[in-house]
Structure formats: structure tokens, C-alpha cells
Amino acid sequence: MDQREEQEFAEYFAARREAVRRMAYMMCGDWHRADDLAQTAFIALHRHWRKVRDKRALDAYVRRTLTRAVIDESRRPWRRERSVEVLPDQPSGAGEVDDSVATRQALLAGLQKVPAKQRAVLVLRYLEGLDVAGVAEVMRCSEGTVKSQAARGLATLREVLGDQLGDLRST
């Protein structure tokens with residue numbers, strides 16, 4: 001890349017870094033992995049910067065790359081989380097926690113129990129605000145698949161959140 005293209009990329013990166021990182025966090029639930037996934041998306045964009053003809057479509061390209069990276073990452077066997085009976089160092093619940101913080105934590109924990117593809121659809125559709133066609137384009141699938149994945153993901157999330165919110169109310 002020449003100097004002008006490097007400058008264009010640097011400006012885009014500076015402007016969109018935090019938004020992409022937040023979206024990655026909502027998809028994976030871990031800030032360290034979110035950093036890695038966002039970096040993966042920006043590296044792919046940098047590698048293909050010259051090939052991008054429509055610079056207005058950069059956000060869509062990064063969203064698609066990030067979504068694919070999250071799904072690919074979840075398929076790697078060494079990245080799968082293992083369940084344990086007792087979580088270490090759980091808070092006692094005696095401290096004062098604002099309801100919005102507890103609800104946000106419950107949402108993020110609940111999203112982690114939704115399968116990766118469904119989680120990506122939920123994040124793109126409801127947190128990033130894309131319409132069904134936009135999500136289908138990002139994920140390269142049909143609109144019907146987006147609708148069914150969203151319905152299944154929401155059902156799983158409601159089930160998980162119902163259990164978690166019940167646990168929060170009983171403490």
C-alpha cells in the first residue's frame with residue numbers, strides 16, 4: 001500500500017476500533033478474545049484494502065469478517081469452554097449492585113449460552129440494529145435462516161435469562 005492508502009486505513013481504524021471491539025465483545029463475552037477478534041477483522045481489512053472498491057461498505061466488510069471470525073473461533077476444539085460444578089470466587093451478593101449492572105451481566109452471561117451462529121445473529125440484528133436482509137448479507141445466508149436462527153437464539157436466551165433472573169431474585 002502507498003502512503004495515502006495507509007493513512008486512509010489508519011483513519012478508518014481509529015474511527016471504528018472501539019465500535020468493532022464492542023461488537024466482538026457482545027458476540028464472544030470476553031474482552032481479551034474480543035480484542036483478538038477485532039484485530040483479526042482489521043488485519044483482514046488491511047490485507048484487502050486495495051480491493052475494496054466502495055469505501056462506504058467498509059463497515060459491512062468488517063462486520064462480516066468479525067462474524068465469521070467469531071463463528072470460526074467457536075468451532076476450534078481448544079477454545080471450547082468446559083463446565084465446572086462450582087465456580088471459583090463467586091460474589092456473595094451482599095454488595096450493592098445496581099439493577100442495570102445485574103441485568104447487563106445476566107444478558108452477557110446468557111448470550112454465552114446461545115450457540116455461536118445464533119449469538120452472531122442476535123448481536124447483529126438487535127444490538128447492531130441491522131435488518132434481516134443486512135444480517136443475511138453479512139452472514140451470507142438466506143433471510144429465512146436469519147429469522148429461524150434469531151427465533152431459536154431468542155428462545156434459548158429467554159430460557160437462560162429466566163433461570164438467571166430467577167436466581168438473582170432468590171438471593
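Contact here means heavy atoms within 4.5 Å. Ala, Val, Leu, Ile, Met, Phe, Trp, Tyr, Cys and Pro count as nonpolar, Asp, Glu, Lys and Arg as charged, and the others, Gly among them, as polar. Helices are DSSP runs of H or I with at least four residues, strands are runs of E with at least two, and both are numbered from the N terminus.

Before going on, a word on the source. This is a predicted model, in which local features need pLDDT of at least 70 and side-chain atom pairs count only at pLDDT 80 or more, while totals for chains, interfaces and linings use all residues. Residues are numbered from 1 along each chain as its sequence is written, and side-chain values use heavy atoms, with hydrogens and water left out.

Back to helices 5 and 6. Two packed helices are described by the angle between their axes and the distance between the axes. The axes of helix 5 and helix 6 cross at roughly 135° and come within 10 Å. An axis is a line fitted to C-alpha atoms, for helices over the stretch in contact, and angles run from 0 to 180 degrees between N-to-C directions. Helix 5 and helix 6 are therefore oblique to each other. For the term: under 35 degrees is roughly parallel, over 145 roughly antiparallel, 65 to 115 roughly perpendicular, and the rest oblique. The crossing of helix 5 and helix 6 is right-handed, a term used when the near helix is turned clockwise from the far one by less than a right angle, with anticlockwise giving left-handed.

Next, helix 3. Its 18 residues, 58–75, should span 26 Å at 1.5 Å a residue, and the end C-alpha atoms are 26 Å apart, which agrees. The expected span is 1.5 Å times one less than the number of residues.

Which helices do the buried residues of helix 3 pack against? They pack against helix 1 (3–28), helix 2 (31–47), helix 5 (116–127) and helix 6 (132–139). Among the buried residues of helix 3 are Leu58, Val62, Leu66 and Val70. Buried means under 20% relative accessible area, exposed over 50%, and partly exposed in between, with a 1.4 Å probe and protein chains only.

Helix 2 packs on helix 3 at an angle of about 130°, with the axes 9 Å apart. That makes helix 2 oblique to helix 3. The residues of this contact of helix 2 with helix 3 divide into 11 nonpolar, two polar and two charged.

With helix 6, helix 3 crosses at roughly 65°, the axes coming within 8 Å. Arg63, Arg64, Thr67, Arg68 and Ile71 of helix 3 make the contact with Glu137, Val138 and Met139 of helix 6. Those residues of helix 3 and helix 6 divide into three nonpolar, one polar and four charged.

Last, two single residues. Methionine 26 is in helix 1 and is buried, with a relative accessible area of 15%. Is arginine 119 buried or exposed? Arginine 119, in helix 5, is buried, with a relative accessible area of 6%. Leaving out residues up to four places away in sequence, arginine 119 touches Met26, Met27, Cys28, Leu111, Gln112 and Val114.
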